[in-house]
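Thank you all for coming; I would like to take you slowly through one structure this morning. Please keep the picture in view while I talk.

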Amino acid sequence: MLDSHYPNGMTRGDLQHVGELPRRYETRLKHLENERITTLDKIDQLHDYVHELDDEIRQLEFGDE
């Protein structure tokens with residue numbers, strides 16, 4: 001598969017060498033960075049939700065409605 005040529009006559013390895021295609025580790029790195037960002041966003045949303053629940057619990061416990 002590495003020897004198959006693209007329409008411009010270059011191999012996948014050639015295109016990676018000149019920076020036209022990302023190397024496999026670069027693609028994996030970008031994926032992991034995106035997953036990390038997404039997960040941190042989810043954590044922030046959960047923290048916000050927990051704070052909302054805490055506020056509502058306090059209101060119900062102390063009758064501050």
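This is a predicted model: local features need pLDDT of at least 70, side-chain atom pairs count only at pLDDT 80 or more; totals for chains, interfaces and linings use all residues.

Glu33 and Lys30 are three residues apart in helix 2, which means that about one helical turn separates them. In this setting an α-helix has 3.6 residues a turn, so residues three or four places apart point the same way. The side chains of Glu33 and Lys30 meet in a salt bridge, at 3.7 Å from N to O, where a salt bridge is a side-chain nitrogen of Lys or Arg within 4 Å of a carboxyl oxygen of Asp or Glu. Glu33 is partly exposed at 36% relative accessibility, and Lys30 is partly exposed at 49%; here buried means under 20% relative accessible area, exposed over 50%, and partly exposed in between, with a 1.4 Å probe and protein chains only.

Residues are numbered from 1 along each chain as its sequence is written, and side-chain values use heavy atoms, with hydrogens and water left out.

How many salt bridges does the rule give? The count comes to two, and one of them joins the side chains of Asp55 and Arg58, at 2.9 Å from N to O. Asp55 and Arg58 both lie in helix 2, three residues apart, about one turn of the helix. Asp55 is partly exposed with a relative accessible area of 41%, and Arg58 is partly exposed at 42%.

Now let us look at the helix itself. The protein chain has two helices and zero strands, these being DSSP runs numbered from the N terminus, with at least four residues of H or I for a helix and at least two of E for a strand. Just after helix 2, Gly63 takes a positive phi of about 65°.

Finally, the surface. Of the 65 residues of the protein chain, 5% count as buried. Tyr49, which is in helix 2 (residues 24–62), makes a nonpolar surface patch of about 280 Å² together with Leu53 and Ile57. Patches are made of residues with over 30% relative accessible area and no salt bridge, with like charges joined within 9 Å and nonpolar side chains (Val, Leu, Ile, Met, Phe, Trp, Tyr) within 5 Å. Tyr49 is partly exposed, with a relative accessible area of 47%.

Notes: Accessible areas come from the Shrake-Rupley method with a 1.4 Å probe; for residues, only the protein chains shown count as cover.
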